Amino acid sequence: MRYRSTRGGSSVSFSEAVAQGLAPDGGLFLPEEFPDLTLHLEAWADLDYPSLCTEFFRHFATDLSTDDLENCVHSAYAKFSNKHTAPLHELSKHWKCLELFHGPTLAFKDFALQLLGNLYEVQIAREGKALCVLGATSGDTGAAAISGLLGKKGVTVFILYPKGKVSPLQEMQMTCTGAENVFPIAIEGTFDDAQRTVKELFADLEFRASVDLSAVNSINLARILAQSVYYLYAWLKLPSEERESTTFVVPTGNFGNVFAGWLLTKMGINISEFRVATNQNDVLHRLFKSGEYSLGEVKPSLAPSMDIQVASNFERLLYYFLNGDALRVSDVMKKFREDGKYSFDHFDISGFSSVSASDKEIPSLIQFVKQEYDYLVDPHTACAFKDLDPEKKAVILATAHPAKFPAVYQHAGMEIPISSSLEALKSREPCSYEVSFDASSVRSFILEKISGK
Ligand SMILES: *Cc1c(COP(=O)(O)O)cnc(C)c1O
């Protein structure tokens, strides 16, 4: 299997696409073709999570040996605390929650980043070349990336996060690791500022080559593919007569998670609808409603991991919406960069609906789910319940453990959820760095730290 940028260019192998993260032309990698998974569904229906993941990746990671792939996958999911890895919790006759928060940092991003850490390790062992990992985070990506890459030989990790705009526990997950290969960087700015700087540094091809820069944001295709697996796992667990009529409801920021699910539809899996649930930062909700993709100002919310107004992975969907016309993708992205918006005459990708929940609504939605179904959701997952039809079959992706966001429950006068792994962090000494978020300051910081090693 070969991979190509959404903006064209020549094809690369799976390992190259993973190591680079972002394509050299600024586009995002996509597979050149898709396997037909319908041929395997019967054989896969009863597999446990790691085995399903291995089988799925065999179609994509074609330049890895079976042994390497199996080891990477099994050791990644061995760190999850629930024996089903991604259990389905039944809320009602029609609704099920897919719990994606049983990994080491208690958010769905562990699914991809534990695996990515292992894939990097294999690559470094094979090529003998160190990697420098750079990412921007609105909270959970940084924590999950750091956990996945902690102490890995040959990897140095730099994570930019908006100072004061991630939850205190998320910050502790990044800064209290004690790992010498990890540099959490607090910037004065928003997540979008951090993401822009990361993209700028990736566009500096000379710098990029000199430090072997790799991306851990959901621009990295390995992350997307790793996330496709839990949609497939959940879909296979549904009674077969329900599979085609079930909506997947996905709390969304960068469009990575929901895109991972949608990608399965290119592989023959019949999913009728994806419901995109945003917080008050509603760039995607506006796009699906009006056809206009326009930059708004980021407003910090109670669901901080979705405080995003430039949804990177939208470019991947756009590629298919424009029938694989890489020139037009480049053109739209260029206009969007210049004007801060792009209007489509019609933007009707069938199979998507959307909704946006305000900060006022999030606590009420949490309380509604608690009262109605005796189940506690985190503030991101809460957004998924806005205007959800109780008579329609739905799988709701529960993207984080509520204990990561205690302040929300405290303000709502609810019992504060706790998690022992988070409590353990509180006794540790935090370590972070303050660097101005312009690309040249971050570049100098990285060079200084790398040369000091
Ligand atoms: C990252 C994150 C999201 C948003 O996921 P995207 O892939 O950016 O759409 C939603 N909820 C939680 C808890 C997250 O950490």
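Let's start where Asp68, Cys72, Val73, Ser75, Ala76 and Tyr77 of helix 4 touch Phe111, Gln114, Leu115, Asn118, Leu119 and Val122 of helix 5, contact meaning heavy atoms within 4.5 Å. Sorted by class, this contact has 8 nonpolar, 3 polar and 1 charged residues; Ala, Val, Leu, Ile, Met, Phe, Trp, Tyr, Cys and Pro count as nonpolar, Asp, Glu, Lys and Arg as charged, and the others, Gly among them, as polar.

A word on what you're looking at: this is a predicted model, where local features need pLDDT of at least 70, side-chain atom pairs count only at pLDDT 80 or more, and totals for chains, interfaces and linings use all residues. Residues are numbered from 1 along each chain as its sequence is written, and side-chain values use heavy atoms, with hydrogens and water left out.

Back to that helix pair. Helices here are DSSP runs (H or I, at least four residues), numbered from the N terminus, and axes are lines fitted to C-alpha atoms over the stretch in contact, with angles from 0 to 180 degrees between N-to-C directions. The crossing of helix 4 and helix 5 is right-handed, as the near helix is turned clockwise from the far one by less than a right angle.

Helix 5 has another partner to look at. Helix 5 and helix 10 pack at about 130°, their axes 8 Å apart. That makes helix 5 oblique to helix 10, and this crossing is right-handed. From helix 5 come Lys109, Phe111, Ala112, Leu113, Leu115, Leu116 and Leu119, and from helix 10 come Ala222, Arg223, Ala226, Gln227 and Tyr230. By class, the contact of helix 5 with helix 10 splits into 9 nonpolar, 1 polar and 2 charged residues.

How many cavities of 30 Å³ or more turn up in the whole structure? The search finds 3. On a 1 Å grid over the protein atoms alone, a cavity is a set of points where a 1.4 Å probe fits but cannot get out, while a pocket is an open set with protein on both sides within 12 Å along at least five of seven lines; lining residues have an atom within 4 Å of a point. The largest cavity holds about 260 Å³ and is lined by 25 residues, with Phe108, Lys109, Gly253, Asn254 and Ser305 nearest its centre. Helix 11 gives the most to this lining, 3 residues. The lining of the largest cavity has 8 nonpolar, 14 polar and 3 charged residues.

The largest pocket has about 640 Å³ of space. Among its 24 lining residues, Arg196, Lys199, Val310, Phe336 and Arg337 are the closest to its centre. Helix 8 provides the largest share of this lining, 7 residues. The lining of the largest pocket divides into 10 nonpolar, 5 polar and 9 charged residues.

The second largest pocket has about 360 Å³, and of its 19 lining residues Ala19, Gln20, Lys129, Leu131 and Asp212 are the closest to its centre. Helix 5 shows up again here: along with helix 1 and helix 9, helix 5 gives two or more residues to this lining.

How values were computed
Points joined across faces, edges and corners; volume = space filled by probe spheres on them. Parallel < 35°, antiparallel > 145°, perpendicular 65-115°, else oblique.
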